[in-house]
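Please open the structure in the viewer and keep the selection tool at hand.

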Amino acid sequence: MNKTLSFAALHFTVAFALGWLFTGSWLVGGALALVEPACNTVVFHFHEKVWKRIEQRRAQRAQQATAAVAL
């Protein structure tokens, strides 16, 4: 979860800075900094969960293949 929160903080900062630089509006920059990164942070959390499952499955398959060769 710390990795996700760290990512969120960086993402909020970048979104605000870009929104403000492109529009010159603190309000638009703030809105972008709240909405877009919040959505991406949730998506990132689930993305990480999916990748952990993929990595676990790969490790299990490798372990099964090693066990099969040993027999």
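A residue is called buried under 20% relative accessible area, exposed over 50%, and partly exposed in between, with a 1.4 Å probe and protein chains only. The model is predicted, so local features need pLDDT of at least 70 and side-chain atom pairs count only at pLDDT 80 or more, while totals for chains, interfaces and linings use all residues. Residues are numbered from 1 along each chain as its sequence is written, and side-chain values use heavy atoms, with hydrogens and water left out.

Select Lys49, which lies in helix H2; helices are DSSP runs (H or I, at least four residues) numbered from the N terminus. Lys49 is partly exposed, at 42% relative accessibility.

Next, turn to the aromatic rings. The structure holds 3 aromatic pairs; ring centres must lie within 6.5 Å, with planes under 30 degrees apart called stacked, over 60 edge-to-face and the rest tilted. Select Phe16 and Trp26: this pair is tilted, 5.5 Å centre to centre with 40 degrees between the planes. The pair links helix H1 (residues 2-23), which holds Phe16, to helix H2 (residues 26-70), which holds Trp26. Phe16 is partly exposed at 23%, whereas Trp26 is exposed at 57%.

Phe16, Trp20 and Trp26 form one aromatic cluster.

Terms used
Phe/Tyr/Trp six-rings, centres within 6.5 Å; stacked < 30°, edge-to-face > 60°. Helix = DSSP H or I, 4+ residues; strand = E, 2+ residues; numbered from the N terminus.
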